[in-house]
Amino acid sequence: MATADIKDIIMPSSWNEYIGTVLSDSGHVSRSAIYGISDSRKWASSVGFDVTSDEVRSLVVGFTDPSRLWKDGVYLGGRKYTCTRSESSLIVGRESAEGNGCVIFRCCKCLVIGTHEGEAHPGGCYSVVTKLGEYLKEHGI
């Protein structure tokens, strides 16, 4: 499945539609979620993918001071990922045993979180999550 350019997709009207239409339907993202930065509340997520408020707060802090992520790892829904990349708007993690991974993009008001497992391609997950994140950030979200 070719990755569609984010500009070619009719953007959804609800947060759950972003999860389904843009992230999950891409075929590159296994589980995904959008969480608020200021209150760590879930805006939308894949069924059964629950990131705790402590995990969200740890990610928010990690964007300004990634030292703890490098040392202790990235936790999402109780799963640990080794931090492999950290920038002001991007965190990437990987599970060494399975090869699964995660991509977290910091927008203005929310975090876009995606994981790739099994047949989902890491590069495709990275591309879809960052493109959606950049789109939301450009629109002040």
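Residues are numbered from 1 along each chain as its sequence is written, and side-chain values use heavy atoms, with hydrogens and water left out. Because the model is predicted, local features need pLDDT of at least 70 and side-chain atom pairs count only at pLDDT 80 or more, whereas totals for chains, interfaces and linings use all residues.

A search of the whole structure for aromatic pairs returned 2, where rings of Phe, Tyr and Trp (its six-membered ring) pair if their centres lie within 6.5 Å, and planes under 30 degrees apart count as stacked, over 60 as edge-to-face and the rest as tilted. Trp15 and Trp43 form a tilted pair, with 4.8 Å from centre to centre and 50° between the planes. This pair links distant parts of the chain, since Trp15 belongs to helix α1 (residues 15-23) and Trp43 to strand β2 (residues 42-45), 28 residues apart; helices (H or I, at least four residues) and strands (E, at least two) are DSSP runs, numbered from the N terminus. Ring pairs join Trp15, Tyr18 and Trp43 into a cluster. Trp15 counts as partly exposed because its relative accessibility is 26%, and Trp43 likewise counts as partly exposed at 28%, given that buried means under 20% relative accessible area, exposed over 50%, and partly exposed in between (1.4 Å probe, protein chains only).

Strand β1 (residues 31-36) is mostly covered, with 6 of its 6 residues buried. Arg31, Ala33 and Tyr35 point one way from β1, while Ser32, Ile34 and Gly36 point the other way, and all are buried. Two strands are taken to pair if DSSP finds at least two bridges between them. β1 runs antiparallel to strand β7 (residues 110-116), to which 6 bridges join it, and Arg31 stands opposite Thr115 in β7. β1 also pairs with β2 in the antiparallel sense, over 3 bridges, with Lys42 in β2 as the bridge partner of Tyr35. β1 and β2 form a hairpin with 5 residues between them, and Ser40 in the turn has a positive phi of about 60°.

Glu95 lies in the loop between β5 (90-94) and β6 (101-106) and counts as buried because its relative accessibility is 14%. Not counting residues up to four places away in sequence, Glu95 touches Arg79, Lys80, Tyr81 and Asn100, contact meaning heavy atoms within 4.5 Å. The side chains of Glu95 and Arg79 are joined by a polar contact of 2.9 Å, that is, a pair of N or O atoms within 3.5 Å, of which, within protein, one must be able to donate a hydrogen and the other to accept it, and residues adjacent in sequence count only if both atoms are side-chain atoms.
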